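Subject: Structure handover

Hi,

Here is the structure I promised to pass on. Please open it first, then read my notes below.

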Amino acid sequence: MPSILVLNGPNLNLLGTREPGIYGRTTLAEIEADCVETGRALGLEVTCRQSNHEGALVDALHAAMGVQDGVVLNAGAYTHTSVALRDAVSGTGLPVVEVHLSNVHAREPFRQVSHLAPVALGVIAGFGPAGYRLALRALAGHLDARG
Ligand code: CA2
């Protein structure tokens with residue numbers, strides 16, 4: 001069974017507790033449980049991780065090499081700043097779907113820049129927690145087509 005890492009970055013552990021106007025009321029634990037459930041329905045084994053630390057996110061991507069078949073990545077603010085994460089994404093060679101809860105393209109100009117998008121399989125933004133489900137579906141289709 002293909003294995004997928006769902007990796008969340010800085011501050012996403014606060015989901016559902018603060019700023020519900022932007023990020024909604026769903027907690028990260030609820031999103032992760034939904035990912036595991038969606039994965040089960042799609043025939044994917046889903047493992048979830050979150051870190052507030054750039055290097056720990058790089059380490060998590062490295063650890064996924066040879067173990068996992070794809071990654072759903074919401075790197076939070078590091079999306080817009082981190083060349084190290086971009087290098088880790090391209091270095092692992094894993095298919096990575098970049099996810100954002102909010103429509104980053106409708107927000108501040110600095111959020112419209114992604115260092116990850118050019119090395120990602122694709123990007124999903126603006127659909128709230130449903131974006132993770134869409135990303136898992138996209139990865140399942142990609143892995144299936146690749147054989
Ligand atoms: O829309 C997204 O998913 C983001 O990746 C969320 C990041 C933001 O820096 C990106 O530009 C877009 C921020 C996550 C912060 O989450 C919070 C949740 C509740 C309270 C405060 C922050």
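I start with the lining of the largest pocket: by class, eight residues are nonpolar, six are polar and four are charged. Keep in mind that this is a predicted model.

The pocket itself

The largest pocket holds about 380 Å³ of space. It is lined by 18 residues. Closest to the pocket's centre are P10, N11, L12, Y23 and R111.

What sits there

Where is the ligand? It sits in the largest pocket. Around the ligand there are 16 residues. The closest of these are N74, H80, L101, S102 and R111. Sorted by class, this shell has seven nonpolar, six polar and three charged residues.

- H80: a polar side-chain atom is 2.7 Å from an oxygen atom of the ligand.
- N74: an N or O atom of the side chain is 2.8 Å from a ligand oxygen.
- R111: here too, a side-chain N or O atom lies 2.8 Å from an oxygen atom of the ligand.

How much of the ligand does the protein cover? On its own, the ligand has 510 Å² of accessible area, and the protein covers 94% of that.

To view the site, begin with the ligand in the largest pocket. Then bring up the side chains of N74, H80 and R111.

Best wishes

How values were computed: Residues numbered from 1 in each chain as written. Predicted model: local features only at pLDDT ≥ 70, side-chain atom pairs only at ≥ 80, totals over all residues. Heavy atoms only, no water. Near = heavy atom within 4 Å. Polar contact = N/O pair within 3.5 Å; in protein donor to acceptor, adjacent residues only side chain to side chain. Areas by Shrake-Rupley, 256 points an atom, 1.4 Å probe, with all protein chains shown as cover. 1 Å grid on protein atoms, 1.4 Å probe; cavity = no way out; pocket = protein on both sides within 12 Å on 5 of 7 lines; lining within 4 Å. Sits in = over half its atoms within 2 Å of the grid points. Nonpolar A, V, L, I, M, F, W, Y, C, P; charged D, E, K, R; others polar. Points joined across faces, edges and corners; volume = space filled by probe spheres on them.
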